[in-house]
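Here is a briefing on the metal site and the fold. Look over the sequence and the structure before reading on.

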Protein chains: 2
Amino acid sequence: MKQATLQVEGMSCNHCVNSIEKAIKELGAEGKVNLSGKTVTVDYDESKLTIETIKEAIEDQGYDVV
Amino acid sequence: MKQATLQVEGMSCNHCVNSIEKAIKELGAEGKVNLSGKTVTVDYDESKLTIETIKEAIEDQGYDVV
Ligand SMILES: [Cu+2]
Ligand SMILES: [Cu+2]
């Protein structure tokens, strides 16, 4: 398991938190949003998933990964 | 049909817009959120619905009607 923290712009409310954490969960990983810190911390299995795939999933929800 | 515009605090993104407009639609009325103006304009049938019921539906979504 690997942990990465991404800087993400555009998250403003709990709906945003839910949509991002859900999208990450659907990839089989675990995401934790810090709204005020503008970060998403992800625990994932790097043998199954790349950080690029996770970034794309977040961007697909309408947010910018810095 | 009557139209009313409410000042609403706490709306920050399109998820907020959707949740409020959906809650109003479920009452049988039509709501339009202006995010930057922090307003919700509602068209409703005052023979079927009171503005108090609409305010409660918005507050139930987690927002403050001023
Ligand atoms: Cu949001
Ligand atoms: Cu929102």
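Two strands pair if DSSP finds at least two bridges between them. Strands (E, at least two residues) and helices (H or I, at least four) are DSSP runs, numbered from the N terminus. This is a predicted model: local features need pLDDT of at least 70, side-chain atom pairs count only at pLDDT 80 or more, and totals for chains, interfaces and linings use all residues. Residues are numbered from 1 along each chain as its sequence is written, chains are lettered from A and ligands numbered from 1 in the order in which they are written, and side-chain values use heavy atoms, leaving out hydrogens and water.

**Sheet of chain B**
- Strand S1 (residues 2–9) and strand S3 (residues 39–44) of chain B run antiparallel, joined by six bridges.
- Within S3(B), Val40(B) is the bridge partner of Leu6(B).
- Helix H2 (residues 51–60) of chain B packs on the sheet and touches S1, S3 and S4 of chain B. Its direction makes about 30 degrees with that of S1(B). Contact means heavy atoms within 4.5 Å. Axes are lines fitted to C-alpha atoms, for helices over the stretch in contact; angles run from 0 to 180 degrees between N-to-C directions.

**Copper site**
- Cys13(A), Cys13(B) and Cys16(B) coordinate the copper ion (ligand 2) through their SG atoms, at 2.1 to 2.3 Å. Donors are N, O and S atoms within 2.8 Å of the metal (3.2 Å for Na, K and Ca); water is not among the atoms, so sites may look incomplete.
- Cys13(A) coordinates both the copper ion (ligand 2) and the copper ion (ligand 1), which are 2.8 Å apart.
- Cys13(B) counts as buried because its relative accessibility is 9%. Cys16(B), at 0%, is also buried. Buried means under 20% relative accessible area, exposed over 50%, partly exposed in between (1.4 Å probe, protein chains only).
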